[in-house]
Amino acid sequence: MAEPATDTILVLNGPNLNMLGTREPEKYGHATLADVEALCRDAAATFGLKADCRQSNREGELIDFIHEAHARKMKGIIINAGGYSHTSIALHDALLAVQIPTVEVHVTNIHARESFRHHSYTARAAFASLCGFGIEGYRLAIQGLAAKLGIKPKA
């Protein structure tokens with residue numbers, strides 16, 4: 001088993017998010033996944049936390065990452081499950097199973113898009129959901145997660 005990571009949050013990005021910066025920039029902007037990960041590391045450090053950033057296009061691997069977060073006693077999860085948000089009962093069930101405080105993030109406003117994007121299984125397993133803020137949504141999610149955990153910014 002991996003070392004405990006009690007000062008760590010998991011930042012989990014799902015399918016096609018590796019294409020940020022080039023995929024439909026009119027919707028998703030020009031920031032890359034590397035930009036998102038740097039933003040998350042910086043935002044987490046503000047609260048004395050580490051961000052373990054992962055991305056996968058495979059549903060089962062995302063579930064394995066969630067299980068690993070439980071095994072390593074991570075403090076929280078920020079998840080952008082991409083298209084799996086709207087289809088994956090398995091991701092929903094994994095998030096409920098591990099009982100780790102979770103915030104769902106979407107770069108775009110899923111409620112202003114196609115009707116099939118209006119429902120999110122992962123949102124039902126999270127205590128909060130943010131959408132439409134671009135990549136700044138990740139920073140807001142980390143701030144909200146820290147507040148939920150009672151963690152104040154470090155001086």
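**Entry 1: two helices**

I looked up helices H2 and H6 and found them roughly parallel to each other (an angle under 35 degrees). The model is predicted: local features need pLDDT of at least 70, side-chain atom pairs count only at pLDDT 80 or more, and totals for chains, interfaces and linings use all residues. Residues are numbered from 1 along each chain as its sequence is written, and side-chain values use heavy atoms, without hydrogens and water.

I noted that H2 covers residues 33-46 and H6 residues 136-149, with an angle of about 25° and axes 9 Å apart. Helices here are DSSP runs of H or I with at least four residues, and strands are runs of E with at least two. The axes are lines fitted to C-alpha atoms over the stretch in contact, and angles run from 0 to 180 degrees between N-to-C directions.

I then listed the contacts (heavy atoms within 4.5 Å). Val-36, Leu-39, Cys-40, Ala-43 and Ala-44 of H2 meet Glu-136, Tyr-138, Arg-139 and Ile-142 of H6. I sorted these residues into 7 nonpolar, no polar and 2 charged.

**Entry 2: the cores**

I next examined the largest nonpolar core, which has 28 residues. Such a core joins buried nonpolar residues (under 20% relative accessible area) through side-chain atoms within 4.5 Å. Ile-9, Val-11, Cys-40, Ile-78 and Tyr-138 touch the most other members. H2 gives the most to this core, with 6 residues.

I recorded another core apart from this one, of 19 residues, including Leu-62 and Tyr-84.

Leaving aside neighbours within four places in sequence, I found Ile-9 in contact with, among them, Ala-44, Ile-78 and Ile-142.

Note on methods
Angles under 35 degrees count as roughly parallel, over 145 as roughly antiparallel, 65 to 115 as roughly perpendicular and the rest as oblique. Ala, Val, Leu, Ile, Met, Phe, Trp, Tyr, Cys and Pro count as nonpolar, Asp, Glu, Lys and Arg as charged, and the others, Gly among them, as polar. Buried means under 20% relative accessible area, exposed over 50%, partly exposed in between (1.4 Å probe, protein chains only).
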